[in-house]
Amino acid sequence: MGRRDRFATRHLVTLGAALWCWFAFWGLKKTANTYFIDFIAPWTRSSQGELNFWVGVLTFLPFSALLFGYALSPLTGRAGAAWGRWSRGLRLRPFLGLLGGLALAAVFLAWLGNRFILLGFPVTDDEHAIRFGGRCLAHGVTAARLPVPQGSLPDLFLYVRGDQVTSMDWLGGQIAWAFAELTRLGNALFGLFAALPVLLLGLHVSRRQGRAWGLAAAGLLLISPMFLTLGATTHAMVVSRALTALSLFLFFKAMDTKGRPLPWLLAGLAAGAAFITRPFEATFLLAPPVLWLVVHTIRTPRLYRAALPVMLLGAIVPLTFMLLHNAAVTGNVLLPARLAVLKKGVTLTPSQLWSRFGANLGYNVLQLVLWFLGPLGFGLVLLGVRRSRETALMAASLGSLALLALFHDDHGVHMVGPIHMADALYPLSFLAVAGLARLMPLLRRHRIAPRTTVATLVVALVIASGAFVYKYARSLRASARIHRAIYTAIREQAPPGSVLLAPQYAQVWLTTPRFSRRASWVFEWRRPRPDFSDERLILHYRAGDLYALRQAFPHRRFYRLAAVAGPPYLRLVPLP
């Protein structure tokens, strides 16, 4: 047998093994546990099917993906080598064009996911509530007047003070929604926020490792399940992730300029914007770079003397807006609505610390391994940690963000990635690319063909990520169909100008067995517009509030909404 025949035989055998592992991975759903994924609280609960899927993701899927990558490496390796030769001489304008194309692809994927997977509906009640706050700001007020008894309002994650109501969420996300309302971009604006880290990471890595690596970094972030799932939502964490990525990008750019004030001012402005969107996540993620700046200001005051004050000056601008908003909403300049609703402060007894270590920190790190780029991608992250000062700071930021879980009493949902660790995507992607770059000389040193290995890894990451996203996308769409069925039934049965008095939203979808089996993490109805001008206004039914509601809406027709177990899912009874 000649050399060419042996080569072909080896790759055919590898392809056969890859197919076996691939079918074994999908075949696990035929076991008693299946691959069925539901959306039943609490957040750290997983169905037997989801756990079964994770077993496949950590065993058969990476082996299958790697074997597919190796079997296809003669083709992909040559294509990668040709790309490498062409990209080494890549000029600035073509680079920016290609990077812009990847950013536009990110916007399109986010829009596609929201439109066809989530069907335009939220995955949590936070999204309903924060949109209400954004609509208030778009109307030129910090809170809306409440014309109905508070118990009649679907008020989950809303903040009521006297006769005023607004979102209890942080200000940054509300400002994003206000802009989306004023520009009529709606959900599409969040696609722009989702795509921003792709653009920034490409520019960031290109400064350190060259333009070819910058494009590779943008592509790596683009295929991560953490991007493809959360990026399709309108959650405030999409805005937070974009702003923390912008903060890190500007901070490291300012480090290169030493004492020039403008880059530090912009970095402070971005950090302040990230803080008012998700203050705890932003603080813990950005603490290591800021601490580095403090230390170097003391050690080399000639270079960094003005950096810290200028950065703080930039951060003051968004913080001022937050303080003014606090004063208007809660009456206390230092008390945001998010903290005003807390019944008790943060405590850390030894038993609570152990519980949070396991159920929050450990659980969310496990989710990061699964959701970033699987075990293969996380291996690259570990390899990239010690490449440079910049990667060390990125790793410190990740460690600091993980420690936040010890102080957090909410574990966070995981169906779109570990949502409380969403800001980790930018540093994780930076470290993964650094790990891939570090792998190249290691392979050459041990006389392993880097072209074949890197081509194998890239194809494996794409296949594994695609399989992971496909499964969760189908589950998310199945859950979104619950909302589409219920709101379609309302639109078809209730005439415009009506008031629907209903039980809690979750009670409606729990009545239908098919819906209750899949379930949802949206438990309450869409919040009304701040002026309560909705064509079909949905409020809670409480017999004692009926007279007050008729007084508030004298020209509307009233209906009692009752849930039905199956199509049409609800029944409307006119109230005389």
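Predicted model: local features only at pLDDT ≥ 70, side-chain atom pairs only at ≥ 80, totals over all residues.
The chain as a whole may be considered before its parts. The protein chain contains 24 helices and seven strands. Its radius of gyration is 26 Å, close to the 25 Å that the globule rule gives for 576 residues, so the chain is as compact as a globular protein of that length. Along the principal axes, the C-alpha atoms fill a box of roughly 90 × 65 × 50 Å. Of the contacts between residues at least 6 apart in sequence, 76% join residues at least 24 apart. The accessible surface amounts to about 25,700 Å², and carbon and sulfur atoms account for 65% of that surface.

The interior comes next. Buried residues, those under 20% relative accessible area, make up 52% of the 576 residues in the chain. In soluble globular proteins, nonpolar side chains tend to be buried together. Here the largest nonpolar core has 110 residues, and Trp-264 and Leu-428 touch the most other members. Helix α11 gives the most to this core, contributing 13 residues. Another core, of 26 residues, lies apart from it and includes Tyr-487, Val-522, Trp-525 and Tyr-559.

Where does a kink lie in α13? It is found at Ala-287, shortly before the proline Pro-288, and amounts to about 50°. Several residues of α13 are buried, among them Ala-282, Leu-285, Leu-286, Pro-289, Trp-292, Leu-293 and His-296. An α-helix has 3.6 residues a turn, so residues three or four places apart point the same way. The buried residues of α13 pack against α11, α12, α14, α15, α19 and α20.

Two peptide bonds are cis: one joins Ala-41 and Pro-42, with omega about 0°, and another joins Pro-567 and Pro-568, with omega about 5°. Pro-42 lies in the loop between α1 and α2, whereas Pro-568 lies in the loop between β6 and β7.

Positive phi values also occur in loops. Phe-157, a residue other than glycine, has a phi near 65° and is situated in the loop between β1 and β2. Arg-447 is likewise not a glycine, and its phi is about 60°; its place is in the loop between α20 and α21. Is each of these residues buried or exposed? Phe-157 is partly exposed, because its relative accessible area is 31%, a value between the limits of 20% and 50%. Arg-447, with a relative accessible area of 81%, is exposed.

When neighbours within four places in sequence are left aside, Asp-545 is in contact with Pro-149, Gly-151 and Ser-152.

Technical notes: Residues numbered from 1 in each chain as written. Heavy atoms only, no water. Bend = angle between axes of the 7 residues up to and from the residue. Helix = DSSP H or I, 4+ residues; strand = E, 2+ residues; numbered from the N terminus. Buried < 20%, exposed > 50% of the residue type's maximum accessible area, 1.4 Å probe, protein only. Contact = heavy atoms within 4.5 Å. Rg over C-alpha atoms; globule rule 2.2 N^0.38 Å. Areas by Shrake-Rupley, 256 points an atom, 1.4 Å probe, with all protein chains shown as cover. Core = buried A, V, L, I, M, F, W, Y, C linked by side-chain atoms within 4.5 Å.
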